[in-house]
Amino acid sequence: MIKYAVFMMLVFAWAFEGIAQTQDRTHFPKAKIYLQDHKVFNAKNLTITGAEASFLDSNAEKQQTIMVDEIDFIKIPKGNHALIGASFGAATGALSSLLIDLDTDPLGRPREKDAGFYLAMTGGGAALGALIGLLVPKWKSVYLNKKSAGLYVPLKFDVSSEMGVATIKITMKI
């Protein structure tokens, strides 16, 4: 029972840790700013004050100031995907070792593999997956415009029916 209570306390602490850290933060060293017109800025030294956000645009290397109403959402980097990469790599390594073990030699006899072979393939896959996962950053949302909350797809659907024929026109801004 005590283990369950400690586990639940850790889960709640982990769940509310993100909320506690971002409620009063207004300065971020690195961020991605997504505007409502689908522009994306790679920002450095982002500062949000009241109705505007100022930052150094990494691409143009100049200071920018944007009204918060124009921003769709803002994300900041938070860690990487090393654990997920290691999991996929280990699963791939284990599956590969099983498939190699099912293969027969040229005379049709099954090839005997020991436990070290399976461990090496699984461990090697996990290590390779972790290295790949280190290169893929995680992004955490720190601002979401309430007007555009929810799923937003930049498609425009037009439905018309003329003389019994229904047509659907899909327009996407690229």
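Predicted model: local features only at pLDDT ≥ 70, side-chain atom pairs only at ≥ 80, totals over all residues.
## Phe41 and Phe55

As for where they sit, Phe41 belongs to strand E2, which covers residues 40–49, while Phe55 belongs to strand E3, residues 52–57. The two are 14 residues apart in sequence, so their pairing ties those parts of the chain together.

How are the two rings arranged? A pair of aromatic rings is described by the distance of the centres and the angle of the planes. For Phe41 and Phe55 the centres are 5.4 Å apart and the planes sit at 55 degrees. That angle falls between the cut-offs of 30 degrees for stacked and 60 for edge-to-face, so this pair goes down as tilted.

## Tyr34 and Phe73

The count of aromatic pairs comes to 3. Another one of them is Tyr34 with Phe73: ring centres 4.4 Å apart, planes at 20 degrees. Planes under 30 degrees apart count as stacked, so that is the label for Tyr34 and Phe73.

## Two helices side by side

Now for the helices. H2 runs over residues 82–102 and H3 over residues 115–134. Their axes come within 6 Å of each other and cross at roughly 150 degrees. Angles over 145 degrees count as roughly antiparallel, which is why H2 is described that way relative to H3. The handedness of the H2 and H3 crossing is right-handed.

Which residues make the contact? On the H2 side they include Ala82, Gly85, Ala86, Gly89, Ala90, Gly93 and Ala94, along with Ser96, Ser97 and Leu98. From H3, the contributors include Phe117, Tyr118, Met121, Thr122, Gly125, Ala126 and Gly129. Sorted by type, the residues of the H2 and H3 contact split into 12 nonpolar, 9 polar and 1 charged.

Ser97 lies in helix H2 and is buried, with a relative accessible area of 1%. Leaving aside residues up to four places away in sequence, Ser97 touches Phe117, Tyr118 and Met121.

Gly124 is found in helix H3. It is partly exposed, with a relative accessible area of 39%. The C-alpha atom of Gly124 is separated by 7.0 Å from that of Gly93, although these glycines are 31 residues apart along the chain.

Asn45 is not a glycine, yet its phi is positive, at about 50 degrees. Asn45 is part of strand E2, the strand that also holds Phe41. Its relative accessibility is 45%, so Asn45 counts as partly exposed.

Glu61 is another non-glycine residue with a positive phi, near 55 degrees. Where is Glu61? Glu61 lies in the loop between E3 and strand E4 (62–67).

Conventions: Residues numbered from 1 in each chain as written. Heavy atoms only, no water. Phe/Tyr/Trp six-rings, centres within 6.5 Å; stacked < 30°, edge-to-face > 60°. Helix = DSSP H or I, 4+ residues; strand = E, 2+ residues; numbered from the N terminus. Axes fitted to C-alpha atoms, helices over the stretch in contact; angles between N-to-C directions. Parallel < 35°, antiparallel > 145°, perpendicular 65-115°, else oblique. Left-handed = near helix turned anticlockwise from the far one by under 90°. Contact = heavy atoms within 4.5 Å. Nonpolar A, V, L, I, M, F, W, Y, C, P; charged D, E, K, R; others polar. Buried < 20%, exposed > 50% of the residue type's maximum accessible area, 1.4 Å probe, protein only.
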